[in-house]
Amino acid sequence: MALPGLCNLSRRATVIVALLGATTLACTVAVMTSDELDFVIGGALIDLGYRFQDPVPSRGHRTPSAVWAEVLSHNALAARVRDRFPRSTHHPVVALVVCMDARIDTNELVGDTRRYYYVLRLAGSVMSEREEEMLELAVDHGVEVVVLTTHSECAAEHVASDPALRARYPHLAAGVDEREARRQEFRARPNIAARLRNGTLRVEQVHIDTHTGRLVQRPTPAQAGDPATRTPAVE
Ligand SMILES: [Zn+2]
C-alpha cells in the first residue's frame, strides 16, 4: 500500500517536472524566429498525421487486386485533400539518394515536406549511369547539395555479404559492390568536378540510423584525404 506522504511527494514532483517542461518549452518558443517556429509547428502537425494513420490496421491477407484497389482509393482521398488545400511549389536545392527500405521516410528524415528535396530511392542507394545523369541534370537546374546515403540493416548489403543470397540475387550484390565506384564516377563527371572545385556544389555522404532517422556524416574520399576540407562528424 502506498503511503499518503509519498503520494503527495510524487504528485508534487510531477507538477514541478510539468512546470519545468512548460517553462523550457516557453523559453524555446521565445528564442525561435518565426521561420523556425513555422517549421517546428509544421513538423509537429505532420507527426500528428503519422500518429493518426500508423494504427490503422491492414485487413489481413488480401489479393493483389484488393491491395491495388486500396492504393487507388487512398490516392483519390489524398488528391481530394490536395485539391482543397493546394500547396506552394519550391524548386529543390538538395538531392537525396536513399535506399528503397520502407522504414526510411525521407520527409521524417529532415522533418520537412516542402519539396525542398529531389529524392532518388534506389536499391542499396546504388546509382547507374542514368541516375548519375539525372542528378547532374538536377544540379544544372539549381541543386546545390547532393546527399549520398547508406543505412543500417540494409537488405541489399545483407545480400552482398551472404554467399547463398549473392548467388540468388547476383545483380543486386554486384550493385552494392560497385556503389562507391559509382559515387566516385559521379564526382569525376566534368561538370560536377568543376562545380565541386569552384564551390557551387557539395556532395556529402551520410549514414542513416534506420530506427532513429539520425544522420551521421561520413567524409567523402576527397575530404578523407585532405584535412583542410574535412567536415566534422555530425552525431
Ligand atoms: Zn537498404
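Start with the open sheet: select its five strands, which follow the order β2-β1-β3-β4-β5 with mixed pairing. Strands here are DSSP runs of E, at least two residues long, and helices are runs of H or I of at least four, numbered from the N terminus; two strands pair if DSSP finds at least two bridges between them. This is a predicted model, in which local features need pLDDT of at least 70, side-chain atom pairs count only at pLDDT 80 or more, and totals for chains, interfaces and linings use all residues. Residues are numbered from 1 along each chain as its sequence is written.

Now colour the edges of the sheet, β2 (117–121) and β5 (215–218), each of which pairs on one side only.

Next, select β1 (residues 94–98): five bridges join β1 to β2, and the two run parallel. Click on valine 97 to find its bridge partner in β2, leucine 120.

Stay there for the largest nonpolar core, which has 23 residues. Such a core is a set of buried Ala, Val, Leu, Ile, Met, Phe, Trp, Tyr and Cys residues joined through C-beta atoms within 7 Å, where buried means 20 or more other C-beta atoms within 10 Å of a residue's own, with C-beta atoms placed from the backbone. Ala95, Leu96, Val97, Val146 and Val147 have the most contacts inside this core. Its largest share, four residues, comes from β1.

Finally, move to helix α2 (residues 34–53), whose 20 residues reach 29 Å from first C-alpha to last. The number of buried residues among the 20 of α2 is zero, so α2 lies largely in the open.

How values were computed. Expected span 1.5 Å × (residues − 1). Buried ≥ 20, exposed ≤ 12 C-beta atoms within 10 Å, placed from the backbone.
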